[in-house]
Amino acid sequence: MSNGEQKTDHEVRKARIDDVLQRINDEPIQNINPRENSKIFVEKLHAYLHCREQMDKRYNEIDELHELAQFDLEDDSGGLQLQCGDYKTEYLQQSNSGQPVQNISELYNAAQHALPVFKTVIERNLDKIRNSIGDASNSDEAISLLPPLK
């Protein structure tokens, strides 16, 4: 990068994450000597940062030029919350009867019915992304990575 160029927001955030990750990785966890709750937090933070490092590595393999970061997905909802802070009724998770879900069973039942539509939306967005970066690969591989419903 030349002296006149500025880093993008993505590059600045990545540099900050890299710095924190390096400091955490350099410090053996047994040397921190935290209280038990803090130790659990530090372990989870360490696991998160490791996961983030792996995700960044995979992202860089897929999109070296970071063209996906510039891709705009359509947002037609106008937001999920009202000014008072309540969530818009039409965006609450609905049960199969059309009412907001009341328990986890209703949530999974609704998710099972919504899964085919969800996959179609994801496939359509993946196709848009791939078309914008000139990638002609099939979206079936990405869709197969979706975790199963519990």
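Trainee: In this predicted model, does Cys-84 count as buried or exposed, and at what relative accessibility?

Mentor: Cys-84 counts as exposed, because its relative accessibility is 60% and the exposed class begins over 50%. Cys-51, by contrast in class, is partly exposed, with a relative accessible area of 38%.

Trainee: How many disulfides does the structure hold?

Mentor: A disulfide is a covalent bond between the sulfur atoms of two cysteines. In this structure there are zero disulfides.

Trainee: Which elements make up the chain, and in what order do they run from the N terminus?

Mentor: Reading from the N terminus, the order is α-α-α-α, since the chain has four helices and zero strands.

Trainee: What share of the residues counts as buried, and what share of the contacts joins residues at least 24 apart?

Mentor: Of the 150 residues in the chain, 10% count as buried. When contacts between residues at least 6 apart in sequence are considered, 30% of them join residues at least 24 apart. The accessible surface of the chain amounts to about 12400 Å², and carbon and sulfur atoms account for 50% of that area.

Trainee: Which residues make the nonpolar surface patch, and where is Leu-80 found?

Mentor: The patch, of about 400 Å², is made by Leu-80, Tyr-87, Tyr-91 and Leu-92. Leu-80 lies in the loop between α2 (36-62) and α3 (104-133).

Definitions and conventions: Residues are numbered from 1 along each chain as its sequence is written. This is a predicted model: local features need pLDDT of at least 70, side-chain atom pairs count only at pLDDT 80 or more; totals for chains, interfaces and linings use all residues. Side-chain values use heavy atoms; hydrogens and water are left out. A disulfide is a pair of cysteine sulfur atoms within 2.5 Å. Buried means under 20% relative accessible area, exposed over 50%, partly exposed in between (1.4 Å probe, protein chains only). Helices (H or I, at least four residues) and strands (E, at least two) are DSSP runs, numbered from the N terminus. Contact means heavy atoms within 4.5 Å. Accessible areas come from the Shrake-Rupley method with a 1.4 Å probe; for residues, only the protein chains shown count as cover. Patches are made of residues with over 30% relative accessible area and no salt bridge: like charges are joined within 9 Å, nonpolar side chains (Val, Leu, Ile, Met, Phe, Trp, Tyr) within 5 Å. A salt bridge is a side-chain nitrogen of Lys or Arg within 4 Å of a carboxyl oxygen of Asp or Glu.
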